[in-house]
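Here are some notes for a colleague who is opening this structure for the first time. Please keep the 3D view at hand while reading.

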Amino acid sequence: MIKNKRKRRTKEEVVQNIMSAANNIIAEKGFLGLTATGLMKDSDIEPVQFYKRYSDLAEFIDDYVKKYDYWFSDTTKLQVDGENYREEYKQILSNLFLSLLDNKVMQQLLSWELSVNNETSRRTAGMRELHTLPLAERFDKIFEKSDVDIVALSSLIIGGIYYLTLHKNLANFSGIDVNTESGRERILKTIRFLGDLFFERLPE
């Protein structure tokens, strides 16, 4: 009896299959349910194909996070004319909010980091910190001669965005439902208002 030969996949297709398998596993079980064995099974690859690309599951997660974490991908796509730092600042925070609302992978990642304290979760959180640090330092430099601690204020706003996003399917927050267009617009309007308020305090 002749066995059907498995169609040979390109390197790019193998990686895409692994990523798709990870998406499905994380959507169903979260990051806690992610295992190397599960990835190999669901992407229909041999162990050698996985370990040729990643030394272990932790290295895969590092690569995966870079693909889906807002701070590694979407911030690089911002289009702002010249040195319009005010508009850039408002866009970064507004886009973060909108991106997280629909980014189930990022929601699962944040939940996982908050609930699991291990080497891998600390590393993914640390990578995000290292990646965003230059951005924080740049805005800190812009505000260095003002009375605005832009880094601390931004941390509070970003933390609020994270919580609103993770909390959105549990209940409204202070009467605001960010699952609705009106609720989202209230948050976006406030982000823009705060951005303008901060920049208006810059010295002439």
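1. **Overall make-up.** This is a predicted model. The chain holds 9 helices and 0 strands. Read from the N terminus, the order of elements is α-α-α-α-α-α-α-α-α. Along the principal axes, the C-alpha atoms fill a box of roughly 80 × 35 × 35 Å.

2. **Burial and contacts.** The chain has 204 residues, and 40% of them count as buried. Take the contacts with a separation of 6 or more: 65% of these join residues 24 or more positions apart.

3. **Helix 1 and helix 2.** Start with residues 11-29, helix 1, and residues 36-43, helix 2. Their axes come within 8 Å and cross at roughly 115 degrees. Helix 1 is therefore roughly perpendicular to helix 2. The crossing is right-handed. On the helix 1 side, the residues that meet helix 2 are N17, I18, A21, A22 and I25. Helix 2 brings G38, L39, D42 and S43. By class, this contact has 5 nonpolar, 3 polar and 1 charged residues.

4. **Helix 4 on its own.** Does the length of helix 4 agree with what its residue count predicts, or disagree? Helix 4 has 12 residues, 57-68, so at 1.5 Å a residue it should span 16 Å. Its end C-alpha atoms lie 16 Å apart, which agrees.

5. **The buried side chains of helix 4.** Which residues of helix 4 are buried? They are A58, F60, I61, D62, Y64 and V65. Note that D62 is on this list. The buried residues of helix 4 pack against helix 1, helix 2, helix 3 (47-51), helix 6 (104-115) and helix 7 (119-142). An α-helix has 3.6 residues a turn, so residues three or four places apart point the same way.

6. **Helix 4 against helix 7.** The axes of helix 4 and helix 7 are 10 Å apart, and the packing angle is about 30 degrees. The two helices are therefore roughly parallel to each other. Helix 4 passes helix 7 in a right-handed crossing. Helix 4 makes the contact through A58, E59, I61, D62, V65 and K66. From helix 7 come T120, R123, T124 and M127. The residues of this contact divide into 4 nonpolar, 2 polar and 4 charged.

7. **Helix 5 against helix 8.** Next, look at residues 85-102, helix 5, and residues 150-167, helix 8. These helices pack at an angle of about 20 degrees, with axes 9 Å apart. That makes helix 5 roughly parallel to helix 8. Their crossing is right-handed. Helix 5 contributes Y89, L93, L96, F97, L100 and L101. Helix 8 contributes I150, S154, I157, I158, I161, Y162 and T165. By class, the contact holds 11 nonpolar, 2 polar and no charged residues.

8. **R128.** Is R128 buried or exposed? R128 sits in helix 7. Its relative accessibility is 8%, so R128 counts as buried. Leaving out residues up to four places away in sequence, R128 touches D69, W71, F72, M106, L109, L110, E113 and Y162.

How values were computed. Residues are numbered from 1 along each chain as its sequence is written. This is a predicted model: local features need pLDDT of at least 70, side-chain atom pairs count only at pLDDT 80 or more; totals for chains, interfaces and linings use all residues. Side-chain values use heavy atoms; hydrogens and water are left out. Axes are lines fitted to C-alpha atoms, for helices over the stretch in contact, and angles run from 0 to 180 degrees between N-to-C directions. Helices (H or I, at least four residues) and strands (E, at least two) are DSSP runs, numbered from the N terminus. Angles under 35 degrees count as roughly parallel, over 145 as roughly antiparallel, 65 to 115 as roughly perpendicular and the rest as oblique. A crossing is left-handed if the near helix is turned anticlockwise from the far one by less than a right angle, and right-handed if clockwise. Contact means heavy atoms within 4.5 Å. Ala, Val, Leu, Ile, Met, Phe, Trp, Tyr, Cys and Pro count as nonpolar, Asp, Glu, Lys and Arg as charged, and the others, Gly among them, as polar. The expected span of a helix is 1.5 Å times one less than its number of residues. Buried means under 20% relative accessible area, exposed over 50%, partly exposed in between (1.4 Å probe, protein chains only).
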